[in-house]
Amino acid sequence: EIAAIPDERLLAERELLQPLPSLRLQIGAASVLRKVDRLSCVRYGSARYSVPTRLIGDTVAVVLDHGAVCLVEPSTGMIVAEHELVAPGSASILDRGKRFVHLDLKQPDSVATVLDLIEHCDALIEGMRPGVMERLGLGPEPCLARNPALVFGRMTGWGQDAPLAQAAGHDINYIALSGALWYAGQPGSPPVAPPSLVGDLGGGALYLAVGLLAAILSARATGRGQVVDAAIVDGSAHLMNLLLSLKAAGHFVSDRGRSILDGPHWYATYRCADDRFVSVGSLEPRFYALLREKLGLGDDPDFTDGYDPARWPDLTRRFEALFRQRTREEWSALLEGSDACFAPVLDPDEAASHPHIAARQIYRSINGVAQTVPAPRFSKTPPAISSSRSADAHQPGSIVTEWRGC
(Lines give C-alpha, C1' and ligand atoms only; values in the text may rest on other atoms or scores of the structure.)
Protein backbone atom coordinates (compact mmCIF):
# COMPACT_ATOMS: atom_id res chain seq x y z
CA GLU A 1 0.00 0.00 0.00
CA ILE A 2 3.02 2.30 -0.02
CA ALA A 3 2.09 3.34 -3.60
CA ALA A 4 -0.92 5.15 -2.15
CA ILE A 5 1.31 7.49 -0.13
CA PRO A 6 1.59 11.00 -1.67
CA ASP A 7 4.92 11.60 -3.46
CA GLU A 8 6.12 14.19 -0.95
CA ARG A 9 5.75 11.66 1.87
CA LEU A 10 7.20 8.66 0.08
CA LEU A 11 10.82 9.26 0.98
CA ALA A 12 9.95 9.94 4.61
CA GLU A 13 7.89 6.77 4.84
CA ARG A 14 10.73 4.72 3.38
CA GLU A 15 13.07 6.21 5.94
CA LEU A 16 10.75 4.92 8.67
CA LEU A 17 11.34 1.39 7.43
CA GLN A 18 15.06 1.55 8.14
CA PRO A 19 16.13 -0.56 11.17
CA LEU A 20 16.87 1.15 14.46
CA PRO A 21 19.77 -0.65 16.18
CA SER A 22 18.76 0.71 19.58
CA LEU A 23 15.24 -0.72 19.33
CA ARG A 24 15.78 -4.23 20.65
CA LEU A 25 12.36 -5.69 21.33
CA GLN A 26 10.90 -9.09 21.94
CA ILE A 27 7.15 -8.97 21.77
CA GLY A 28 5.02 -11.44 23.70
CA ALA A 29 1.44 -11.44 24.90
CA ALA A 30 -0.09 -11.24 28.34
CA SER A 31 -3.38 -13.05 28.71
CA VAL A 32 -6.18 -11.56 30.65
CA LEU A 33 -6.15 -12.58 34.26
CA ARG A 34 -8.58 -10.47 36.23
CA LYS A 35 -10.99 -7.58 35.99
CA VAL A 36 -8.73 -4.88 37.39
CA ASP A 37 -6.62 -2.00 36.17
CA ARG A 38 -3.01 -2.84 35.44
CA LEU A 39 -0.12 -0.86 34.02
CA SER A 40 3.18 -2.12 32.66
CA CYS A 41 6.12 0.20 32.15
CA VAL A 42 9.11 -1.03 30.19
CA ARG A 43 12.54 0.46 29.57
CA TYR A 44 14.89 -0.96 26.92
CA GLY A 45 18.01 1.17 26.56
CA SER A 46 16.93 4.13 24.44
CA ALA A 47 13.55 2.49 23.78
CA ARG A 48 11.04 3.23 26.54
CA TYR A 49 7.55 1.85 26.89
CA SER A 50 4.69 2.46 29.29
CA VAL A 51 2.06 -0.24 28.94
CA PRO A 52 -1.14 0.33 30.94
CA THR A 53 -3.30 -2.72 30.56
CA ARG A 54 -6.92 -3.27 31.60
CA LEU A 55 -7.15 -7.02 31.88
CA ILE A 56 -10.71 -7.78 30.75
CA GLY A 57 -11.81 -11.40 30.43
CA ASP A 58 -9.66 -13.02 27.75
CA THR A 59 -8.70 -9.78 26.00
CA VAL A 60 -4.98 -9.85 25.38
CA ALA A 61 -2.67 -6.89 25.82
CA VAL A 62 0.77 -6.77 24.28
CA VAL A 63 3.70 -6.48 26.63
CA LEU A 64 7.38 -6.91 26.10
CA ASP A 65 8.51 -10.41 27.01
CA HIS A 66 11.44 -9.46 29.19
CA GLY A 67 13.64 -6.59 30.26
CA ALA A 68 13.46 -3.67 32.67
CA VAL A 69 9.71 -3.86 33.11
CA CYS A 70 7.49 -2.36 35.78
CA LEU A 71 3.91 -3.54 36.26
CA VAL A 72 1.59 -1.07 37.94
CA GLU A 73 -1.05 -3.21 39.62
CA PRO A 74 -4.10 -2.50 41.82
CA SER A 75 -3.54 -1.83 45.47
CA THR A 76 -4.10 -4.77 47.82
CA GLY A 77 -7.75 -5.75 48.12
CA MET A 78 -8.87 -4.39 44.73
CA ILE A 79 -8.80 -7.69 42.83
CA VAL A 80 -12.20 -8.99 41.76
CA ALA A 81 -12.57 -12.51 43.13
CA GLU A 82 -14.53 -13.98 40.23
CA HIS A 83 -11.59 -13.40 37.90
CA GLU A 84 -9.14 -15.18 40.16
CA LEU A 85 -10.33 -18.39 38.48
CA VAL A 86 -7.97 -17.59 35.60
CA ALA A 87 -5.16 -15.86 37.49
CA PRO A 88 -1.88 -17.83 37.40
CA GLY A 89 -0.36 -15.77 40.21
CA SER A 90 3.33 -16.48 40.76
CA ALA A 91 3.26 -18.96 37.87
CA SER A 92 2.54 -16.20 35.33
CA ILE A 93 5.05 -16.72 32.52
CA LEU A 94 4.03 -13.42 30.97
CA ASP A 95 5.26 -11.46 33.99
CA ARG A 96 8.75 -12.93 33.94
CA GLY A 97 11.52 -10.42 34.50
CA LYS A 98 9.19 -7.57 35.43
CA ARG A 99 9.13 -5.24 38.40
CA PHE A 100 5.84 -3.94 39.74
CA VAL A 101 4.29 -1.20 41.85
CA HIS A 102 0.84 -0.93 43.40
CA LEU A 103 -1.37 2.06 42.56
CA ASP A 104 -5.08 2.85 42.77
CA LEU A 105 -5.79 4.57 39.44
CA LYS A 106 -8.95 6.12 40.85
CA GLN A 107 -6.80 8.32 43.10
CA PRO A 108 -5.43 11.63 41.74
CA ASP A 109 -1.94 11.00 43.13
CA SER A 110 -1.76 7.67 41.30
CA VAL A 111 -2.89 9.28 38.03
CA ALA A 112 -0.16 11.90 38.47
CA THR A 113 2.38 9.12 38.98
CA VAL A 114 1.27 7.41 35.77
CA LEU A 115 1.62 10.69 33.87
CA ASP A 116 5.14 11.01 35.27
CA LEU A 117 5.95 7.60 33.80
CA ILE A 118 4.29 8.48 30.50
CA GLU A 119 6.42 11.58 30.15
CA HIS A 120 9.47 9.36 29.73
CA CYS A 121 7.89 6.63 27.56
CA ASP A 122 7.49 6.04 23.85
CA ALA A 123 4.20 4.17 24.01
CA LEU A 124 1.25 3.42 26.23
CA ILE A 125 -1.16 0.51 25.80
CA GLU A 126 -4.52 0.29 27.51
CA GLY A 127 -7.10 -2.45 27.27
CA MET A 128 -10.08 -0.93 29.06
CA ARG A 129 -13.57 -0.52 27.71
CA PRO A 130 -13.94 2.64 25.62
CA GLY A 131 -14.17 5.75 27.80
CA VAL A 132 -12.64 4.31 30.98
CA MET A 133 -9.20 5.82 30.45
CA GLU A 134 -10.82 9.19 29.76
CA ARG A 135 -12.80 8.97 33.01
CA LEU A 136 -9.59 8.17 34.87
CA GLY A 137 -7.93 11.27 33.44
CA LEU A 138 -5.56 9.13 31.38
CA GLY A 139 -7.12 9.41 27.93
CA PRO A 140 -5.18 10.35 24.79
CA GLU A 141 -5.59 14.11 25.28
CA PRO A 142 -3.86 14.49 28.67
CA CYS A 143 -1.30 11.82 27.89
CA LEU A 144 -0.29 13.36 24.54
CA ALA A 145 -0.27 16.80 26.17
CA ARG A 146 2.30 15.46 28.63
CA ASN A 147 4.28 13.67 25.90
CA PRO A 148 3.47 14.81 22.32
CA ALA A 149 5.48 11.95 20.80
CA LEU A 150 3.58 9.30 22.76
CA VAL A 151 1.96 6.41 20.91
CA PHE A 152 -1.35 5.62 22.62
CA GLY A 153 -2.27 1.99 21.94
CA ARG A 154 -5.85 0.89 22.59
CA MET A 155 -6.63 -2.83 22.86
CA THR A 156 -10.27 -3.93 22.87
CA GLY A 157 -12.40 -6.76 21.60
CA TRP A 158 -15.10 -4.81 19.74
CA GLY A 159 -13.24 -1.54 19.02
CA GLN A 160 -13.60 2.02 20.29
CA ASP A 161 -16.94 2.61 18.55
CA ALA A 162 -19.90 0.87 16.81
CA PRO A 163 -22.93 -0.79 18.48
CA LEU A 164 -21.10 -3.46 20.52
CA ALA A 165 -18.23 -1.28 21.78
CA GLN A 166 -19.47 -1.28 25.38
CA ALA A 167 -20.50 -4.96 25.52
CA ALA A 168 -18.49 -7.62 27.33
CA GLY A 169 -16.96 -10.36 25.25
CA HIS A 170 -14.18 -12.88 24.93
CA ASP A 171 -11.98 -14.33 22.20
CA ILE A 172 -14.62 -16.79 21.01
CA ASN A 173 -17.22 -14.02 20.58
CA TYR A 174 -14.96 -11.69 18.61
CA ILE A 175 -13.83 -14.34 16.12
CA ALA A 176 -17.41 -15.64 15.82
CA LEU A 177 -18.67 -12.22 14.73
CA SER A 178 -15.70 -11.42 12.46
CA GLY A 179 -16.12 -14.63 10.44
CA ALA A 180 -12.80 -16.07 11.58
CA LEU A 181 -14.44 -18.92 13.51
CA TRP A 182 -16.61 -20.12 10.62
CA TYR A 183 -14.26 -22.57 8.92
CA ALA A 184 -12.98 -24.11 12.18
CA GLY A 185 -14.46 -27.59 12.54
CA GLN A 186 -16.30 -30.14 10.46
CA PRO A 187 -19.73 -29.91 8.80
CA GLY A 188 -22.52 -30.86 11.18
CA SER A 189 -20.49 -30.01 14.29
CA PRO A 190 -20.12 -26.65 16.06
CA PRO A 191 -17.09 -24.56 15.05
CA VAL A 192 -14.21 -24.79 17.52
CA ALA A 193 -10.87 -22.96 17.67
CA PRO A 194 -7.82 -23.13 19.99
CA PRO A 195 -8.48 -21.00 23.10
CA SER A 196 -7.21 -17.41 22.78
CA LEU A 197 -4.88 -18.07 19.84
CA VAL A 198 -6.93 -16.77 16.88
CA GLY A 199 -8.55 -13.75 18.52
CA ASP A 200 -6.75 -12.64 21.66
CA LEU A 201 -3.27 -13.33 20.36
CA GLY A 202 -3.41 -13.50 16.56
CA GLY A 203 -6.08 -10.90 15.86
CA GLY A 204 -5.43 -8.79 18.94
CA ALA A 205 -2.01 -8.78 20.59
CA LEU A 206 0.09 -9.23 17.46
CA TYR A 207 -1.84 -6.59 15.51
CA LEU A 208 -1.40 -4.20 18.41
CA ALA A 209 2.33 -4.98 18.51
CA VAL A 210 2.77 -4.24 14.80
CA GLY A 211 0.73 -1.05 15.06
CA LEU A 212 2.62 0.05 18.14
CA LEU A 213 6.05 -0.44 16.58
CA ALA A 214 5.04 1.24 13.31
CA ALA A 215 3.70 4.26 15.19
CA ILE A 216 6.85 4.45 17.33
CA LEU A 217 8.99 4.55 14.19
CA SER A 218 6.79 7.32 12.82
CA ALA A 219 6.97 9.27 16.10
CA ARG A 220 10.75 9.01 16.17
CA ALA A 221 10.91 10.46 12.67
CA THR A 222 8.27 13.17 13.09
CA GLY A 223 8.08 13.86 16.82
CA ARG A 224 4.31 13.35 16.68
CA GLY A 225 2.51 10.54 18.48
CA GLN A 226 -0.91 9.11 17.62
CA VAL A 227 -3.65 6.75 18.79
CA VAL A 228 -3.55 3.13 17.59
CA ASP A 229 -6.99 1.47 17.79
CA ALA A 230 -6.43 -2.31 17.80
CA ALA A 231 -9.66 -4.31 18.04
CA ILE A 232 -9.72 -8.11 18.06
CA VAL A 233 -12.76 -8.11 15.79
CA ASP A 234 -10.75 -6.03 13.27
CA GLY A 235 -7.59 -8.10 13.43
CA SER A 236 -9.28 -11.48 13.28
CA ALA A 237 -11.31 -10.32 10.27
CA HIS A 238 -8.10 -9.09 8.60
CA LEU A 239 -6.60 -12.56 9.09
CA MET A 240 -9.36 -13.82 6.80
CA ASN A 241 -8.00 -12.03 3.72
CA LEU A 242 -6.11 -15.08 2.45
CA LEU A 243 -9.25 -17.21 2.65
CA LEU A 244 -11.29 -14.41 1.10
CA SER A 245 -8.79 -14.33 -1.77
CA LEU A 246 -9.20 -18.08 -2.20
CA LYS A 247 -12.96 -17.65 -2.12
CA ALA A 248 -12.79 -15.01 -4.84
CA ALA A 249 -10.67 -17.42 -6.92
CA GLY A 250 -13.25 -20.19 -6.50
CA HIS A 251 -11.23 -22.33 -4.06
CA PHE A 252 -13.39 -21.55 -1.02
CA VAL A 253 -17.15 -21.55 -0.58
CA SER A 254 -19.34 -20.52 2.33
CA ASP A 255 -20.45 -24.11 3.05
CA ARG A 256 -18.11 -25.71 5.56
CA GLY A 257 -16.22 -28.83 4.53
CA ARG A 258 -16.25 -28.11 0.80
CA SER A 259 -13.24 -25.84 0.39
CA ILE A 260 -9.62 -26.52 -0.42
CA LEU A 261 -8.34 -26.25 3.16
CA ASP A 262 -11.31 -27.45 5.23
CA GLY A 263 -12.73 -30.37 3.24
CA PRO A 264 -10.10 -32.61 1.61
CA HIS A 265 -9.11 -35.97 3.07
CA TRP A 266 -5.48 -34.97 2.61
CA TYR A 267 -5.82 -31.87 4.85
CA ALA A 268 -7.21 -33.11 8.16
CA THR A 269 -6.48 -34.81 11.48
CA TYR A 270 -7.15 -38.50 12.16
CA ARG A 271 -7.55 -40.74 15.17
CA CYS A 272 -5.07 -43.61 15.46
CA ALA A 273 -5.25 -47.09 16.99
CA ASP A 274 -4.05 -45.75 20.35
CA ASP A 275 -6.67 -42.95 20.34
CA ARG A 276 -4.01 -40.35 19.66
CA PHE A 277 -4.06 -38.15 16.59
CA VAL A 278 -2.02 -37.25 13.52
CA SER A 279 -2.26 -34.48 10.95
CA VAL A 280 -1.76 -34.53 7.19
CA GLY A 281 -1.63 -31.51 4.91
CA SER A 282 -0.57 -32.75 1.48
CA LEU A 283 -1.91 -29.78 -0.46
CA GLU A 284 0.37 -29.89 -3.51
CA PRO A 285 -0.06 -32.74 -6.03
CA ARG A 286 3.50 -34.04 -5.62
CA PHE A 287 3.09 -34.20 -1.84
CA TYR A 288 -0.30 -35.90 -2.18
CA ALA A 289 1.25 -38.45 -4.54
CA LEU A 290 3.94 -39.21 -1.95
CA LEU A 291 1.32 -39.56 0.79
CA ARG A 292 -0.65 -42.02 -1.33
CA GLU A 293 2.49 -44.02 -2.03
CA LYS A 294 3.48 -44.24 1.63
CA LEU A 295 -0.05 -45.23 2.61
CA GLY A 296 -0.08 -48.01 0.00
CA LEU A 297 -2.67 -46.22 -2.12
CA GLY A 298 -0.49 -45.28 -5.07
CA ASP A 299 -2.32 -47.63 -7.43
CA ASP A 300 -5.80 -47.16 -5.98
CA PRO A 301 -7.89 -45.40 -8.66
CA ASP A 302 -10.27 -43.98 -6.05
CA PHE A 303 -7.50 -41.70 -4.81
CA THR A 304 -6.16 -40.60 -8.20
CA ASP A 305 -8.12 -37.35 -8.27
CA GLY A 306 -7.69 -35.86 -4.82
CA TYR A 307 -9.14 -32.47 -5.73
CA ASP A 308 -12.77 -33.35 -6.47
CA PRO A 309 -14.92 -32.02 -3.58
CA ALA A 310 -17.63 -34.55 -4.38
CA ARG A 311 -15.18 -37.37 -3.55
CA TRP A 312 -13.81 -35.92 -0.31
CA PRO A 313 -16.40 -37.33 2.14
CA ASP A 314 -15.91 -40.93 0.92
CA LEU A 315 -12.12 -40.63 0.79
CA THR A 316 -12.07 -39.08 4.25
CA ARG A 317 -13.95 -42.08 5.63
CA ARG A 318 -11.40 -44.41 4.01
CA PHE A 319 -8.56 -42.39 5.53
CA GLU A 320 -10.27 -42.59 8.93
CA ALA A 321 -10.39 -46.37 8.73
CA LEU A 322 -6.81 -46.56 7.47
CA PHE A 323 -5.28 -44.39 10.20
CA ARG A 324 -7.16 -46.39 12.81
CA GLN A 325 -5.02 -49.41 11.92
CA ARG A 326 -1.77 -48.15 13.46
CA THR A 327 -0.66 -46.16 16.49
CA ARG A 328 0.46 -42.57 16.30
CA GLU A 329 4.08 -43.59 16.80
CA GLU A 330 3.85 -46.12 13.99
CA TRP A 331 2.49 -43.49 11.64
CA SER A 332 5.21 -41.09 12.74
CA ALA A 333 7.87 -43.68 11.97
CA LEU A 334 6.45 -44.07 8.47
CA LEU A 335 5.65 -40.47 7.56
CA GLU A 336 7.44 -37.95 9.77
CA GLY A 337 10.28 -36.07 8.09
CA SER A 338 9.05 -36.87 4.58
CA ASP A 339 7.44 -34.52 2.06
CA ALA A 340 4.06 -36.12 2.74
CA CYS A 341 3.38 -33.12 5.01
CA PHE A 342 2.72 -35.02 8.23
CA ALA A 343 3.00 -34.31 11.95
CA PRO A 344 1.70 -36.02 15.08
CA VAL A 345 -0.75 -34.01 17.17
CA LEU A 346 1.05 -33.47 20.49
CA ASP A 347 -0.04 -32.01 23.79
CA PRO A 348 2.32 -29.33 25.22
CA ASP A 349 4.13 -31.82 27.47
CA GLU A 350 4.74 -34.15 24.53
CA ALA A 351 5.75 -31.26 22.30
CA ALA A 352 8.48 -30.19 24.72
CA SER A 353 10.20 -33.57 24.39
CA HIS A 354 9.84 -34.00 20.63
CA PRO A 355 13.31 -34.16 19.01
CA HIS A 356 12.71 -31.20 16.69
CA ILE A 357 11.24 -28.98 19.41
CA ALA A 358 13.97 -30.04 21.83
CA ALA A 359 16.69 -29.30 19.26
CA ARG A 360 15.41 -25.74 18.92
CA GLN A 361 15.01 -25.49 22.71
CA ILE A 362 11.53 -24.01 22.32
CA TYR A 363 10.25 -25.23 25.69
CA ARG A 364 12.05 -24.79 28.99
CA SER A 365 11.22 -25.48 32.61
CA ILE A 366 12.06 -22.53 34.84
CA ASN A 367 11.33 -22.75 38.56
CA GLY A 368 9.19 -25.79 37.82
CA VAL A 369 7.01 -23.95 35.27
CA ALA A 370 7.06 -25.21 31.67
CA GLN A 371 7.25 -22.27 29.26
CA THR A 372 8.36 -21.32 25.79
CA VAL A 373 11.26 -19.08 24.84
CA PRO A 374 10.68 -15.70 23.15
CA ALA A 375 10.01 -15.63 19.41
CA PRO A 376 11.05 -14.65 16.81
CA ARG A 377 14.80 -15.12 17.14
CA PHE A 378 17.35 -12.36 16.61
CA SER A 379 20.82 -13.11 15.25
CA LYS A 380 22.59 -10.13 16.85
CA THR A 381 20.45 -9.33 19.88
CA PRO A 382 19.15 -12.59 21.35
CA PRO A 383 17.04 -11.88 24.44
CA ALA A 384 17.77 -13.22 27.87
CA ILE A 385 15.04 -15.13 29.68
CA SER A 386 14.28 -14.12 33.24
CA SER A 387 12.96 -16.71 35.62
CA SER A 388 10.08 -14.70 37.08
CA ARG A 389 8.98 -11.20 37.92
CA SER A 390 10.47 -9.48 40.93
CA ALA A 391 9.10 -10.63 44.26
CA ASP A 392 8.66 -7.24 45.93
CA ALA A 393 6.87 -4.08 44.88
CA HIS A 394 8.96 -1.09 43.81
CA GLN A 395 8.47 2.63 44.23
CA PRO A 396 7.35 4.36 41.01
CA GLY A 397 9.48 7.39 41.84
CA SER A 398 12.66 5.35 41.60
CA ILE A 399 11.67 4.09 38.15
CA VAL A 400 10.85 7.62 36.93
CA THR A 401 14.26 8.77 38.18
CA GLU A 402 15.95 5.85 36.43
CA TRP A 403 14.20 6.53 33.12
CA ARG A 404 14.81 10.29 33.32
CA GLY A 405 18.51 9.64 33.69
CA CYS A 406 18.73 7.46 30.56
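1. Helices, of at least four residues, and strands, of at least two, are DSSP runs numbered from the N terminus. On that basis, Val-192 is found in the loop between H5 and helix H6 (197–222). The model is a predicted one.

2. Is Val-192 buried or exposed? Its relative accessibility is 60%, and exposed means over 50%, so Val-192 counts as exposed. Once its neighbours within four places in sequence are left aside, Val-192 is in contact with Leu-181, Ala-184 and Gly-185. Trp-182 is ten residues from Val-192 along the chain, and the C-alpha atoms of these two are separated by 8.7 Å.

3. Arg-256 lies over the face of the Trp-182 ring, at 5.7 Å from the ring centre.

4. The chain has 406 residues, of which 43% count as buried. Taking contacts between residues at least 6 apart in sequence, 69% join residues at least 24 apart. The accessible surface comes to about 20600 Å², and carbon and sulfur atoms account for 56% of that.

5. How many aromatic pairs are there? With ring centres required to lie within 6.5 Å, the count comes to ten. One of them is formed by Trp-158 and Tyr-174: the ring centres are 4.8 Å apart and the planes stand at 85 degrees, which is over 60, so the pair is edge-to-face. This pair links distant parts of the chain, 16 residues apart, with Trp-158 in the loop between strand S8 (151–156) and helix H5 (171–178) and Tyr-174 in helix H5. Trp-158 has a relative accessible area of 14% and is therefore buried. Tyr-174, at 3% relative accessibility, counts as buried too.

6. Phe-319 and Phe-323 form another edge-to-face pair, because their planes are at 75 degrees, with the ring centres 5.8 Å apart. Both belong to helix H10 (residues 312–323); being four residues apart there, they are separated by about one helical turn. Phe-319 counts as buried at 0% relative accessibility, and Phe-323 is buried with a relative accessible area of 0%. Ring pairs also link these two with Tyr-270, Phe-303 and Trp-331 into a cluster.

7. Which residues of H10 are buried? They are Trp-312, Leu-315, Thr-316, Phe-319, Leu-322 and Phe-323. Viewed down the axis of H10, these buried residues fall within an arc of 120 degrees, so they line one face of the helix. Among the elements that cover them are strand S10 (267–271), strand S11 (277–281), helix H9 (285–294) and helix H11 (328–335).

Terms used:
Residues numbered from 1 in each chain as written. Predicted model: local features only at pLDDT ≥ 70, side-chain atom pairs only at ≥ 80, totals over all residues. Heavy atoms only, no water. Phe/Tyr/Trp six-rings, centres within 6.5 Å; stacked < 30°, edge-to-face > 60°. Buried < 20%, exposed > 50% of the residue type's maximum accessible area, 1.4 Å probe, protein only. Lys NZ or Arg CZ within 6 Å of the ring centre and 35° of its normal. Arc of directions from axis to C-beta. Contact = heavy atoms within 4.5 Å. Areas by Shrake-Rupley, 256 points an atom, 1.4 Å probe, with all protein chains shown as cover.
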